[in-house]
Amino acid sequence: MISALESTTLRPYLLRALYEWCTDHGFTPYIAVVVDETVQVPREYVKNGEIVLNISYDATSSLKIGNEFIEFKARFAGTARDIIVPLGRVVAIYARENGEGMAFPPLDAQASEAGEVVAPTSGQSTPEPRPGMHLVGEAAESEPGVLAGAESPDGEPPRPPNGGRPALKRVK
């Protein structure tokens, strides 16, 4: 049996699924990227170490969302550029029109190959998710202090609030 550390990260699958959801519903998919030396983007558009990229069909050419990189060609101020973004540097994907999407914790470049989440070292800060987004695995609002999928102290799975059926909450 393969352990969680040996298996690939869910990030590429979630990114592809949310990209497909955006395009199927006529939304414009955007990604927020934390820029470092491993990211190939026009540096003149980077602000506060982050860049937001439109990855819609109309804005890109040869888009490929692989298991390690997002690669495409895009025009910036009329100049065609090759864009290469390691998936570990993508911190969010969302629809421009309504802000719905998903935020991810940034992965360290070396640990991203193993699918491990690495906490920022001193001096680094984790970018704040966009309004209406929560980091994957972030505590649920209905039960503060309980992580998604966490069990209660007695080993039982968490119960839905008010004893009712579980429900998704739309956050705007």
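Biologist: What makes helix α1 a helix that lies across β1, β6 and β7 in this predicted model?

Modeller: Contact means heavy atoms within 4.5 Å. Helix α1, residues 11-24, lies across β1 (29-34), β6 and β7, so by that cut-off it is in contact with these strands. Its direction runs at about 20° to β6.

Biologist: Why are β6 and β7 called paired strands?

Modeller: Pairing requires at least two bridges between two strands. Strand β6 (residues 90-95) and β7 share 3 bridges in the antiparallel sense, and therefore they count as paired. As for individual residues, Ala92 has Ala103 in β7 as its bridge partner.

Biologist: What makes β2 and β7 edge strands?

Modeller: The sheet is open and antiparallel, with 4 strands in the order β2-β1-β6-β7. Both β2 (50-54) and β7 (101-103) pair on one side only. The twist from one strand to the next averages 20°.

Biologist: Which strands form the other open sheet, and in what order?

Modeller: That sheet has 3 strands, ordered β3-β4-β5, with antiparallel pairing. Its edge strands are β3 (61-65) and β5 (79-86), each pairing on one side only. Here the twist averages 25° from one strand to the next.

Notes
Residues are numbered from 1 along each chain as its sequence is written. This is a predicted model: local features need pLDDT of at least 70, side-chain atom pairs count only at pLDDT 80 or more; totals for chains, interfaces and linings use all residues. Side-chain values use heavy atoms; hydrogens and water are left out. Helices (H or I, at least four residues) and strands (E, at least two) are DSSP runs, numbered from the N terminus. Axes are lines fitted to C-alpha atoms, for helices over the stretch in contact, and angles run from 0 to 180 degrees between N-to-C directions.
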